[in-house]
Amino acid sequence: MPRRPRLSLPNVPMHLIQRGNNRQACFFADEDYRFYLEWLKDYAGKNRCRIHAYVLMTNHVHLLVSSESGDGVAALMKALGQRYVQYVNRRYRRSGSLWEGRFRSCLTQDEGYLLACQRYIELNPVRAGMVEHPAEYRWSSYRVNAQGEDDLLIEPHELYCALGTDPAARQAAYRELFRYQLEPGMVDAIRRATNGNFALGDSRFGEEIG
């Protein structure tokens with residue numbers, strides 16, 4: 001069966017997952033994570049993309065990103081993926097594919113879904129049993145969005161900015177969202193949409209996206 005064409009529209013947030021080949025590790029040391037984030041920022045800027053949230057797990061990556069153009073995210077991930085693979089192959093004296101293939105993704109409706117998707121991303125290490133609270137995990141955007149940690153990579157989405165009138169208020173309101181786990185139905189909806197390249201949102205949003 002042919003793959004469903006990727007949905008990508010200007011300024012519509014996209015949640016994407018890129019996995020290591022055969023779910024094998026793609027990060028092996030702290031500096032691997034740091035280089036990946038450095039290059040993510042570089043290529044996001046070059047392709048006019050805004051990174052709203054991220055988490056780097058041992059064997060996969062989650063990003064929430066908006067692009068000014070329909071092909072910006074694909075161009076970002078192609079350039080980033082190639083550079084990171086070259087780095088890993090050179091550093092660890094390996095060859096061949098690092099990534100599973102093309103990344104999986106879904107366009108995300110702003111109202112009612114975008115902040116849930118951010119929580120889904122930043123709660124990933126908690127669901128994986130790696131930490132008890134997202135603030136304990138180094139390689140995610142939680143400390144930026146919830147605690148005001150400096151990170152020039154993150155560009156908040158307008159819905160996040162609407163949580164409060166100043167940074168402290170926004171961060172407090174965002175932390176409040178993490179008092180409870182995401183509802184299982186929302187977790188399942190995010191997974192289905194991302195793995196199937198469907199729109200994540202209500203029925204009207206799905207019809208508008210096509």
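Helices (H or I, at least four residues) and strands (E, at least two) are DSSP runs, numbered from the N terminus. The structure is a predicted model, in which local features need pLDDT of at least 70 and side-chain atom pairs count only at pLDDT 80 or more, while totals for chains, interfaces and linings use all residues. Residues are numbered from 1 along each chain as its sequence is written, and side-chain values use heavy atoms, with hydrogens and water left out.

View 1. Asp30 is found in helix H1, and at 36% relative accessibility it counts as partly exposed (buried means under 20% relative accessible area, exposed over 50%, and partly exposed in between, with a 1.4 Å probe and protein chains only). Leaving aside residues up to four places away in sequence, Asp30 touches Arg138 and Trp139, where contact means heavy atoms within 4.5 Å. The side chains of Asp30 and Arg138 are joined by a polar contact of 3.0 Å; such a contact is a pair of N or O atoms within 3.5 Å, and within protein one must be able to donate a hydrogen and the other to accept it, while residues adjacent in sequence count only if both atoms are side-chain atoms. Asp30 and Trp139 are 109 residues apart in sequence, yet their C-alpha atoms are 9.3 Å apart in space.

**View 2. His60 and Ser66 in strand S3.** Strand S3 spans residues 60-67 and includes His60, and Ser66 is found in strand S3 as well. His60 is buried, with a relative accessible area of 10%, and Ser66 is buried with a value of 1%. A polar contact of 3.3 Å joins the side chains of His60 and His62, whereas the side chain of Ser66 makes a polar contact of 2.7 Å with the side chain of His52. Not counting residues up to four places away in sequence, His60 touches Ile17, Gln18, Arg19, Cys26, Phe27, Val55 and Asn124. With that condition again applied, Ser66 touches Val12, Pro13, Arg48, Cys49, Arg50, His52 and His157.

**View 3. The packing of helix H3 against helix H8.** Helix H3 (residues 114-122) and helix H8 (residues 184-196) pack at an angle of about 90°, with their axes 11 Å apart; axes are lines fitted to C-alpha atoms, for helices over the stretch in contact, and angles run from 0 to 180 degrees between N-to-C directions. That angle makes H3 roughly perpendicular to H8, because angles under 35 degrees count as roughly parallel, over 145 as roughly antiparallel, 65 to 115 as roughly perpendicular and the rest as oblique. On the H3 side the contact is made by Ala116, Cys117 and Tyr120, and on the H8 side by Met186, Val187, Ile190 and Arg191. By class, the contact of H3 with H8 has 6 nonpolar, no polar and 1 charged residues, where Ala, Val, Leu, Ile, Met, Phe, Trp, Tyr, Cys and Pro count as nonpolar, Asp, Glu, Lys and Arg as charged, and the others, Gly among them, as polar. In H3, 9 of the 9 residues are buried, so this helix is largely enclosed by the rest of the structure.

View 4. A disulfide is a covalent bond between the sulfur atoms of two cysteines, and it is counted here as a pair of cysteine sulfur atoms within 2.5 Å. The structure holds 0 disulfides. The sulfur of Cys117 is 5.7 Å from the closest cysteine sulfur, in Cys106, which is too far for a bond. Cys161 is in no disulfide either, and the nearest cysteine sulfur, that of Cys117, is 17 Å away. Cys117 is buried, with a relative accessible area of 0%, whereas Cys161 is partly exposed, with a relative accessible area of 33%.

View 5. Asn22 is found in the loop between strand S1 (14-19) and helix H1 (30-46), and it has a positive phi of about 55° although it is not a glycine. Arg93, which lies in the loop between helix H2 (72-91) and strand S4 (104-107), has a positive phi of about 50° although it is not a glycine. Asn22 counts as exposed at 60% relative accessibility, and Arg93 is exposed with a relative accessible area of 81%. Glu183 is placed in the loop between helix H7 (167-177) and H8, where at 49% relative accessibility it counts as partly exposed. The C-alpha atoms of Glu183 and Ala168, 15 residues apart along the chain, are separated by 26 Å.
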